[in-house]
Structures are given as structure tokens and as C-alpha cells.
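User: I would like to learn how to read pockets and ligand contacts in a model. Could we start with how a pocket is defined?

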Amino acid sequence: MVDFSSLAQKYGSPLYVYDFDVITQKFTVLKEAFKARKSLICFAAKANSNLSVLKHIAKLGAGCDCVSIGEVKRALHVGIPKYKIIFSGVGKRDDEIEEALKNDILMINLESEEEMGRVEMIAQKLGVIARISIRVNPNIDAKTHPYISTGLHENKFGVDIDSAKRMYIHAKNSTSLDPVGIHFHIGSQITEVEPFREAALVLANLVRNLKSLKIDIKFFDVGGGVGIQYKDETTIPLYDYAQAIFSALSGLDVTLVCEPGRYLVGDCGYFLTRVLYEKNNGFKRFVIVDGAMNDLIRPSLYGAYHEIEVYGKENAQETSLADVVGPICESGDFFAKNIELPSLEHDDLLVVKSAGAYGFTMSSNYNSRSRVAEVALEEGEDRLIRQRESFEDLIALERKYL
Ligand SMILES: *Cc1c(COP(=O)(O)O)cnc(C)c1O
């Protein structure tokens with residue numbers, strides 16, 4: 001068990017802690033599951049884009065799936081090779097497309113015919129050929145939270161099969177576009193293999209169809225979405241996941257691309273927060289902590305569950321129900337509702353688990369709270385990888401008032 005108490009003392013609270021050895025282990029399992037085929041694992045940077053995390057991922061040999069030019073630049077900054085960088089996302093600005101093309105990344109993932117038009121125009125202007133992939137929305141229910149479900153026609157993502165086919169034909173005939181890939185991403189925190197199997201089958205058929213039109217797809221991108229265990233979910237055995245995709249791809253000579261975010265970094269992270277005080281209003285017991293929804297918004301945004309342990313009091317016998325809440329002026333500012341907790345004192349340390357994905361990257365300065373520090377654990381050593389923001393950092397970009 002990690003000595004969270006010393007870490008909180010050394011680096012202050014609240015604090016994010018990431019165990020890099022866990023990332024390595026998760027990466028190795030995934031790579032092993034895919035070993036029967038050529039594969040490229042592109043980490044979805046939006047899950048955790050700290051430069052040291054990206055550097056660690058780069059050292060493992062992974063690429064990056066990016067959803068803004070900022071993420072593309074982060075990936076390049078830590079030395080991820082350009083041929084392992086993908087630019088996805090439902091809306092890209094012209095200047096982002098231009099910079100991605102100038103950096104000659106592996107491919108740009110298109111999500112509409114309109115976007116293809118912009119990319120074609122910009123590539124033409126620059127005198128380059130844009131390698132593109134098309135995100136196909138297979139209309140499959142990933143059976144996850146509606147906010148993180150993306151593969152249904154009611155979602156804004158991707159294009160339907162008929163539009164995709166039209167787009168591929170257009171791209172093939174364009175002198176500025178090279179259609180090299182096909183892509184789906186049906187949602188996040190998926191805990192069953194079936195939606196992946198169905199989506200892979202639908203897209204593999206489209207690839208065969210395109211082949212007969214002399215459109216040769218080289219990269220088959222199955223997106224991210226593999227879930228982790230936050231509470232009592234059963235997760236997908238990666239061997240089954242890989243086999244389901246392999247069987248859909250049978251007979252096709254393509255490189256398998258996968259874009260895991262949460263799977264790679266979710267379990268490695270802990271959010272540490274100290275108890276300020278308890279408050280009981282006669283109806284309810286509240287544990288008020290120094291961390292808040294601006295630091296970790298998943299419970300507020302999705303009603304997500306994160307297991308919480310009281311460091312040093314994990315085995316306390318006497319507990320009662322409490323809500324763990326932050327200091328922000330919103331009723332939605334909570335980390336847990338109605339969980340059993342022992343009696344707590346000022347400075348007791350709570351460990352919020354599985355906080356490595358969509359934690360820090362979704363944090364904000366709401367209520368003029370400084371974003372917290374981030375620490376890496378690697379082979380028994382801890383090191384600061386992002387300093388806590390100061391008041392000066394908070395106001396740094398604001399102009400002097402008159
Ligand atoms: C968010 C996202 C991912 C990663 O999703 P996870 O559920 O974290 O694995 C992968 N691909 C795309 C296009 C995304 O938007």
C-alpha cells in the first residue's frame with residue numbers, strides 16, 4: 001500500500017498521484033492481447049495529458065490520439081513520433097487542421113463531409129496530401145452512461161455508413177486526400193465485448209466493400225472505450241476483446257489501431273483530499289473536504305462512483321452514512337453520497353481511487369481555486385510532475401485593471 005500520508009505531507013493537499021508502474025502493466029496486457037496482428041496503441045491524451053504521463057506512454061512505444069492541436073503539440077513535445085499521432089474530434093478549426101498537416105501526423109480523423117471539404121481545401125492550399133480516416137457511427141448501443149455514449153445516430157459523432165462510402169469515393173478521387181483509415185469510437189467505460197464485436201463487424205464489411213472499389217484501407221481504428229472497475233463492474237477480458245476484433249477482421253490485411261484512455265490511466269490514479277470538518281445538520285452527515293468538483297468533476301458530471309478510503313482507518317468498525325462534499329458553492333459539488341465512513345477529524349486523509357483518467361484534465365479554476373499538484377510514483381520513487389498553481393498563476397493572464 002502506498003504511503004499516501006507522507007505524500008500528502010510532502011506535496012500538500014489536495015493532490016493527484018499516478019502510479020506509472022500500473023500504466024506500464026496495463027499497456028503490456030493490451031499489447032499482449034493484440035500480438036497476433038500488427039497494432040498501434042494510441043493513448044487518448046484527453047484522459048490524462050500531463051507531459052510526464054505522455055512521456056511515460058511514449059517510452060512504452062505508444063502513440064497518441066488527440067482531440068485538439070494542443071494535444072497534438074503535447075504529444076510532439078514529449079517525442080511521440082509524428083507517424084503515431086492521430087487527430088480526432090467532431091470540430092477542428094482551420095488553423096488546427098493546417099498545423100496538423102504541416103506536422104505530417106499519421107492521419108486526421110474526419111467526422112463529417114463538411115469537415116472533409118475544409119481538410120481538402122487546406123491540404124490543397126499547402127500543396128500536401130492529407131492522410132485521412134473516417135469516423136463511422138455504426139448506430140450501436142454501447143450500454144454506458146448517455147453522456148459517454150457516442151455510437152448512436154442521436155449522437156453528434158461520426159457519419160453513417162452511406163455517407164462514409166460517399167466520402168471515401170470522393171477522397172479517392174481527390175488529389176489532396178488519401179483515405180488510409182477507418183475509425184469507430186462508440187463510447188466510454190464499456191463493460192461488454194458485444195458492442196465492440198458488432199461495431200467491428202459492421203466496419204470490417206465496409207472495408208471489404210471499399211476494397212472492391214479499389215479503396216485500400218490500411219488502418220482499422222477501434223477507438224477507445226474499454227471500461228475499468230470503479231465499483232463492482234465486471235470488466236472485459238482483453239483477450240476476448242482482441243479476439244472479437246480479430247474475428248471481424250479475418251482475411252483483411254490492416255493494422256489494428258486502438259485508442260485507450262481510461263483503460264490505460266484510470267486505475268493508476270489517486271486523488272488525495274483532507275477532511276476540513278464534519279457537519280451534521282440534523283438530517284444528514286456531511287464530510288467537508290479540501291478537494292472539490294473543480295478538481296475531480298466526474299461524480300458531479302456523470303454521477304460517477306469513485307471508491308473512497310480513509311487512510312489509516314480502512315478497517316474502522318463503527319461507521320455511519322455520510323456525503324463527502326467540497327467547499328464549492330454548488331449542490332453538485334460532491335465526491336460521494338451516502339457512503340459508510342468512520343468518525344472523522346480535521347486533517348484525516350481521504351483517498352479517492354481510480355482517479356487517473358478524466359480527473360486532472362477536466363479540472364478548472366472555478367471559485368478561483370488553484371489547480372492541484374500532480375505526483376508520479378515509479379519503481380518506489382515519487383516525484384512532482386506538475387506544481388500546484390499559485391495565486392500569481394491564477395491571475396497571470398489577466399490585464400492590469402484601471
Ligand atoms: C475519448 C476518446 C477515446 C478514449 O476513450 P476511453 O473511454 O477513455 O478509452 C478514444 N478515441 C476517441 C475518438 C475519443 O474521443
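Analyst: On a 1 Å grid over the protein atoms alone, a pocket is an open set of points where a 1.4 Å probe fits, with protein on both sides within 12 Å along at least five of seven lines; lining residues have an atom within 4 Å of a point. Grid points are joined across faces, edges and corners, and a volume is the space filled by probe spheres set on the points. Here the second largest pocket holds about 250 Å³ of space. Its lining includes Arg74, Phe360 and Glu374.

The model is predicted: local features need pLDDT of at least 70 and side-chain atom pairs pLDDT 80 or more, while totals for chains, interfaces and linings use all residues. Residues are numbered from 1 along each chain as its sequence is written, and side-chain values use heavy atoms, without hydrogens and water.

User: What is the volume of the largest pocket, and which residues lie nearest its centre?

Analyst: The largest pocket has a volume of about 590 Å³. It is lined by 29 residues, and Lys46, Thr150, Phe157, His185 and Tyr358 lie nearest its centre.

User: Which pocket is the space taken by the ligand?

Analyst: A molecule sits in a pocket if more than half of its atoms lie within 2 Å of the pocket's grid points. The ligand takes the space of the largest pocket.

User: How many residues surround the ligand?

Analyst: A residue is near a molecule if one of its heavy atoms lies within 4 Å of it. The ligand is surrounded by 14 residues, with Lys46, Ser188, Glu259, Arg262 and Tyr358 the closest.
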